[in-house]
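Here is a short report on one structure, moving from its sheet to its helices and aromatic rings. Have the sequence and the model at hand as you read.

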Amino acid sequence: MKNRYEALLVLNTQGKEESVHDIVERLESEFKKEGADIEQVQKMDKRPFSYVSGPIDAGFYVNFVFEADPQLITKLRLKFKLDPEVYRQHYQRLDPKMEPREKKEKPAKKLAGA
């Protein structure tokens with residue numbers, strides 16, 4: 001059974017600002033190769049960190065919305081942990097995609113004295 005997930009990845013792009021597009025495409029292909037069905041990829045921009053706790057002080061944020069089996073999340077975490085271009089990663093399960101309900105037409109109210 002597949003669930004919907006959101007993955008927020010912070011990329012280490014120091015010295016590679018021109019190749020951000022290539023990095024995002026490579027990560028997207030990694031998701032697909034592992035069996036995830038990607039719904040949306042949102043490139044958010046490079047942002048400075050509020051608290052610097054490592055060798056870099058800013059990262060490029062990318063958000064992936066996808067459907068996958070639950071055990072795939074652990075596999076992706078381990079894979080991206082070894083990737084030098086992925087600085088941080090966060091996964092969150094989303095609610096299932098709901099189809100919009102059809103609106104029922106209400107009967108028109110009768111006006112008094114009409």
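E6 stands opposite V65 in strand 3. Strands here are DSSP runs of E, at least two residues long, and helices are runs of H or I of at least four residues; both are numbered from the N terminus. Nine bridges join strand 1 (residues 3–11) to strand 3 (residues 58–68), and the two run antiparallel. Two strands count as paired if DSSP finds at least two bridges between them.

This is a predicted model: local features need pLDDT of at least 70, side-chain atom pairs count only at pLDDT 80 or more, and totals for chains, interfaces and linings use all residues. Residues are numbered from 1 along each chain as its sequence is written, and side-chain values use heavy atoms, with hydrogens and water left out.

## The sheet

Strand 1 has another partner. It pairs with strand 4 in the antiparallel sense over eight bridges. L11 shows both sides of this arrangement. L11 stands opposite F60 in strand 3, and L11 also stands opposite V86 in strand 4.

Is strand 1 mostly covered or mostly exposed? Strand 1 is mostly covered: seven of its nine residues are buried. Buried means under 20% relative accessible area, exposed means over 50%, and partly exposed lies in between (1.4 Å probe, protein chains only).

## The whole chain

The protein chain has two helices and four strands. From the N terminus on, they run β-α-β-β-α-β. Of the 114 residues, 33% count as buried. The chain exposes about 8600 Å², and carbon and sulfur atoms supply 51% of that area. Areas come from the Shrake-Rupley method with a 1.4 Å probe; for residues, only the protein chains shown count as cover.

A contact means heavy atoms within 4.5 Å.

## Aromatic rings

The structure holds five aromatic pairs. Two of them are set out here.

| Pair | Distance between ring centres | Angle between planes | Type |
|---|---|---|---|
| F31 and F80 | 5.4 Å | 50° | tilted |
| F49 and Y87 | 5.6 Å | 15° | stacked |

Rings of Phe, Tyr and Trp (its six-membered ring) pair if their centres lie within 6.5 Å; planes under 30 degrees apart count as stacked, over 60 as edge-to-face and the rest as tilted.

F31 lies in helix 1 (residues 20–33) and F80 in helix 2, so their pair ties together parts 49 residues apart in sequence. F31 is buried at 0% relative accessible area. F80 is buried too, at 1%. Both belong to one aromatic cluster, formed by Y5, F31, F64, F66 and F80.

F49 lies in the loop between strand 2 and strand 3, and Y87 in strand 4, so this pair ties together parts 38 residues apart in sequence. F49 counts as buried, with a relative accessible area of 17%.

Charges also sit over rings. The charged end of R88 lies over the ring of Y87, 4.6 Å from its centre. The charged end of R47 lies over the ring of Y61, 5.6 Å from its centre. The rule asks for NZ of Lys or CZ of Arg within 6 Å of the ring centre and within 35 degrees of the ring normal.

## Two buried residues

L76 lies in helix 2. Its relative accessible area is 0%, so L76 is buried. Beyond residues up to four places away in sequence, L76 touches F31, E34, F66, Q89 and Y91. L76 and E34 are 42 residues apart in sequence, yet 8.0 Å apart in space, C-alpha to C-alpha.

T13 lies in the loop between strand 1 and helix 1. T13 is buried as well, at 2% relative accessible area. Leaving aside neighbours within four places in sequence, T13 is in contact with V20, I23, K46 and F60.
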